[in-house]
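Let's walk through this model together, one region at a time. Please have the sequence and the 3D view open side by side.

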Amino acid sequence: PVPTDPAARRTYELDRAHVFHSWSAQAALDPLVITRAEGCYVWDGHGRRLLDLSSQLVNTNIGHQHPKVVAAIKAQADVLCTVAPQHANDQRGEAARLIAERTPGELDRIFFTNGGAEAVEYAVRMARLHTGRYKVLSQYRSYHGGTSTAINLTGDPRRWPNDYGSAGTVHFFGPFLYRTAFHASTEEEERDRALEHLEQLIAFEGPGTIAAIVLETIPGTAGIMVPPPGYLAGVREICDRHGIVLVADETMAGFGRTGRWFAVEHEGVVPDLLTFAKGVTSGYVPLGGVAISPHVAATFAERPFPGGLTYSGHPLACATAVATITAMAEEGIVENAARVGEDVLGPGLRALAERHPVIGEVRGRGVFWALELVTDRATKEPLAPYGGTSPAMKELTAALLDAGVLSFSNFHRLHVVPPCTISPAEVEEGLAALDEALSIADKHTTA
Ligand code: PLP
């Protein structure tokens with residue numbers, strides 16, 4: 001609805017008149033005006049304070065308006081707002097060092113981009129030139145970005161209208177026991193059969209044609225499916241055996257979200273390339289990048305890397321990354337995400353599942369959780385069709401808004417993805433709102 005406050009109303013009207021929105025039919029949009037934000041809260045154009053359980057697009061990992069990061073952005077603006085990528089810059093070097101120190105193994109060289117899609121584009125370009133091969137494999141349940149290679153790697157229906165069949169991408173099923181593609185009944189079976197499926201797909205595509213396997217360490221937008229222990233190690237082993245570059249896309253799972261700096265750490269797996277964005281600056285200034293292993297970097301030691309961006313390593317963005325990572329380390333923000341997930345958020349969501357028949361499954365770790373919503377627990381019929389929404393899902397997100405919560409939903413799923421800084425009391429506030437709203441969704445079940 002249009003806000004009544006004059007300033008918020010003007011914001012709404014200007015948006016409707018002139019702003020062209022992502023992933024949407026433009027005619028029927030009804031954007032929520034956001035006027036300010038602090039910590040885990042945002043304020044909307046109606047003057048309501050909302051608990052941000054979405055972290056916007058799962059990127060404000062340190063919460064909104066962290067004073068030290070805001071101060072660092074202002075300080076950098078006073079010194080140097082921009083510089084071309086060919087020059088050396090203190091903030092860029094420092095950001096690269098702080099990231100390289102945290103990425104696993106010897107991923108210690110950083111190519112900076114403006115966001116996650118570009119990071120994936122460049123990781124694929126590096127892998128193709130490094131191997132001299134063209135094809136790239138990715139999972140059906142995945143999102144890798146909106147640009148042309150990244151959207152073709154993406155598994156979800158946003159690929160369909162963008163797919164011209166020329167990107168050299170081939171999709172496979174990752175492990176997901178709740179909706180198993182392999183008729184598995186245990187996590188171990190699901191893992192082994194998913195690896196066998198990948199192995200067969202590679203054999204039939206031709207191992208010598210495949211440059212890279214790109215996967216989200218924990219698929220995010222597609223449903224936060226934590227892979228069974230050993231799956232990623234299995235993919236690593238397959239890549240090693242066939243000379244395929246493993247690209248871990250940590251755009252969403254990285255920088256604290258899962259209770260570790262990077263989600264690959266849970267499995268002790270080191271990819272050849274690791275893509276990041278979002279949490280690296282908490283989204284305060286756009287930044288993404290690729291962390292590169294020495295053997296891939298060596299390919300471009302004498303041969304020029306054929307790629308670049310005017311804003312690669314932009315000093316305002318890099319200063320933001322330095323301040324964000326420093327604040328995360330000094331304030332134990334990654335540890336907080338792990339602790340809150342284990343002690344409060346995970347148990348709280350599981351308790352909700354005991355009370356609400358609409359919850360088919362609860363899964364996640366850290367501050368990265370999904371509720372799989374179903375009309376019938378026995379048949380697992382989703383509360384909205386694949387690729388779409390439903391009156392029940394719309395009712396649920398509206399009820400959450402009424403209960404003071406900004407939520408993130410995808411098809412039939414509700415994702416609970418607050419900032420990594422969320423306190424136990426704020427989690428309890430969110431759980432109470434979820435409890436209330438899910439009671440409404442329960443009415444759509446056959447239970
Ligand atoms: N990769 C993953 C795993 C993502 O979740 C996203 C965004 O949600 C992207 C890539 C694309 O990032 P960006 O929107 O910054 O281009």
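First, some ground rules. Residues are numbered from 1 along each chain as its sequence is written. This is a predicted model, in which local features need pLDDT of at least 70, side-chain atom pairs count only at pLDDT 80 or more, and totals for chains, interfaces and linings use all residues.

Helices (H or I, at least four residues) and strands (E, at least two) are DSSP runs, numbered from the N terminus. Helix 5 is mostly covered, with 13 of its 16 residues buried. A residue is buried if 20 or more other C-beta atoms lie within 10 Å of its own, exposed if 12 or fewer, and partly exposed in between, with C-beta atoms placed from the backbone. The end C-alpha atoms of helix 5 are 22 Å apart, which agrees with the 22 Å that its 16 residues should span at 1.5 Å a residue; the expected span is 1.5 Å times one less than the number of residues. Just after helix 5, glycine 132 takes a positive phi of about 70°.

Now turn to strand 7 (residues 210-216), where seven of seven residues are buried. Two strands pair if DSSP finds at least two bridges between them. Strand 7 pairs with strand 5 (residues 135-139) in the parallel sense over four bridges, and leucine 137 stands opposite isoleucine 213 in strand 7. Strand 7 also runs parallel to strand 8 (residues 245-249), joined to it by five bridges, with alanine 248 in strand 8 as the bridge partner of leucine 215. To get from strand 7 to strand 8, the chain passes through helix 8 (residues 231-242), and this β-α-β crossover is right-handed: with the strands pointing away from the viewer, the path from the first strand over the helix to the second runs clockwise.

Strand 10 (residues 288-292) is another enclosed element. Five of its five residues are buried, so it is largely enclosed by the rest of the structure. In a regular strand the side chains alternate between the two faces of the sheet. In strand 10 both faces are covered, with Gly288, Val290 and Ile292 buried on one side and Gly289 and Ala291 on the other. Strand 10 pairs with strand 4 (residues 109-113) in the antiparallel sense over five bridges, and phenylalanine 112 has glycine 289 as its bridge partner. Strand 9 (residues 273-276) runs antiparallel to strand 10 and is joined to it by four bridges, with leucine 274 partnered by alanine 291.

Elsewhere, an open sheet of four strands has the order 1-2-3-14, with mixed pairing. Its edge strands, each pairing on one side only, are strand 1 (34-38) and strand 14 (405-406). Strand 1 pairs with strand 2 (residues 41-44) in the antiparallel sense over four bridges.

Helix 3 (residues 67-79) shows two contrasting sides. Val69, Ala72 and Gln76 are buried. Seen down the axis of helix 3, the buried residues fall within an arc of 55°, so they line one face; the arc is that of the directions from the helix axis to the C-beta atoms. On the other side, Pro67, Ala71, Lys74, Ala75 and Asp78 are exposed.

Most residues other than glycine have a negative phi, and most peptide bonds are trans. Phenylalanine 255, however, has a positive phi near 55°, and lysine 278 has a positive phi near 30°. Phenylalanine 255 lies in the loop between strand 8 and strand 9 and counts as buried because it has 32 C-beta neighbours inside 10 Å. Lysine 278 sits in the loop between strand 9 and strand 10 and counts as buried with 27 such neighbours inside 10 Å.
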